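Thanks for coming. I will go through one structure, starting with a single chain and ending at the place where two chains meet.

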Amino acid sequence: MSGKEKLIKGSWFVVRSGFVVNRFFLVALAIGLLLSWIFPAQFAALLISPNSGIDVRAEMTGLRLLMLIGIAMSVATDRLFVALVQIIASARAGDPFISANARRLQTIGCALLALQLIDIPSALLERFFPSLSSGAPDFPFSPGGWLAVLMVFVLSRVFAVGSIMRDELEGTV
Amino acid sequence: MPILIRLGEVLERRHMSLTELSEAVDITLANLSILKTGKARAVRFSTLEAICKTLDCQPGDILVRSDDSED
């Protein structure tokens with residue numbers, strides 16, 4: 001097995017593992033959110049100490065919002081992983097320069113954009129529910145993240161044009 | 001398509017098979033077959049030059065514009 005093949009196989013394993021972990025995280029969050037409505041008292045007792053002087057009802061709202069944000073992040077990450085697994089599978093099959101991969105890259109771009117935008121409600125949550133700050137995702141302005149979004153969209157366009165050029169060349173003798 | 005390929009006729013006049021041409025011009029038999037049957041979407045100048053050189057003909061002997069053009 002060549003170095004490139006090992007890299008592709010390794011990437012596939014990492015992405016596939018990430019995909020499974022993320023799905024598990026998504027299900028856990030959905031169950032957690034559901035339980036917070038079915039057993040609100042027990043749920044609050046587990047997370048907030050009774051004499052801390054915190055408004056339990058407000059914090060529960062914050063916690064539910066936090067879980068909703070987590071679900072949104074997990075769904076975006078899931079879309080990203082699905083597209084990435086398919087791209088790696090096409091690379092393993094030896095034919096990655098296809099129009100389907102251009103569409104998959106666009107999906108990845110949209111997922112990354114969604115993840116960047118989710119930072120905004122995360123920051124608002126941290127501001128309005130400061131006691132959840134340790135649980136809420138950080139909101140540092142990330143130029144790298146926005147650059148990655150831009151780069152993936154550009155790459156998707158490059159793939160789309162490249163696959164059209166390749167199709168044209170296929171009929172050339 | 002308004003452009004027709006006359007490779008078959010030229011080969012016949014030269015008493016040459018497609019396999020022999022393939023060996024002479026170093027182009028795969030599959031690609032030459034695509035060209036001969038008119039299924040090719042484009043022809044490289046280098047391919048045309050190699051074929052014309054081997055068959056001692058002009059590009060116009062191989063590529064002919066049909067009168068019943070679709071344009």
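Among contacts in chain A between residues at least 6 apart in sequence, 75% join residues at least 24 apart; a contact here means heavy atoms within 4.5 Å. Before going on, the ground rules: this is a predicted model, where local features need pLDDT of at least 70 and side-chain atom pairs count only at pLDDT 80 or more, while totals for chains, interfaces and linings use all residues. Residues are numbered from 1 along each chain as its sequence is written, chains are lettered from A and ligands numbered from 1 in the order in which they are written, and side-chain values use heavy atoms, with hydrogens and water left out.

Chain A has five helices and zero strands, where helices are DSSP runs of H or I with at least four residues, strands are runs of E with at least two, and both are numbered from the N terminus. Read from the N terminus, the order is α-α-α-α-α. Chain A has 173 residues, and 35% of them count as buried, meaning under 20% relative accessible area with a 1.4 Å probe, protein chains only; exposed is over 50%, and partly exposed lies in between. The accessible surface of chain A is about 10700 Å², with 71% of it belonging to carbon and sulfur atoms; these areas come from the Shrake-Rupley method with a 1.4 Å probe, and for residues only the protein chains shown count as cover.

Now one residue. Ser11(A) sits in helix H1 of chain A, residues 3-38. Is Ser11(A) buried or partly exposed? Ser11(A) counts as partly exposed because its relative accessible area is 29%. Its side chain reaches the backbone oxygen of Leu7(A) at 2.7 Å. From Ser11(A) to Gln86(A) is 75 residues in sequence and 12 Å in space, C-alpha to C-alpha.

Next, the interface. Nine residues of chain B are in contact with six residues of chain A. The two chains bury about 630 Å² between them, and carbon and sulfur atoms give 54% of that; buried area is the accessible area (1.4 Å probe) that two parts lose on being put together, summed over both. Arg41(B), Ala42(B) and Arg44(B) supply 67% of what chain B buries against chain A, more than any other three residues.

Technical notes:
A polar contact is a pair of N or O atoms within 3.5 Å; within protein, one must be able to donate a hydrogen and the other to accept it, and residues adjacent in sequence count only if both atoms are side-chain atoms.
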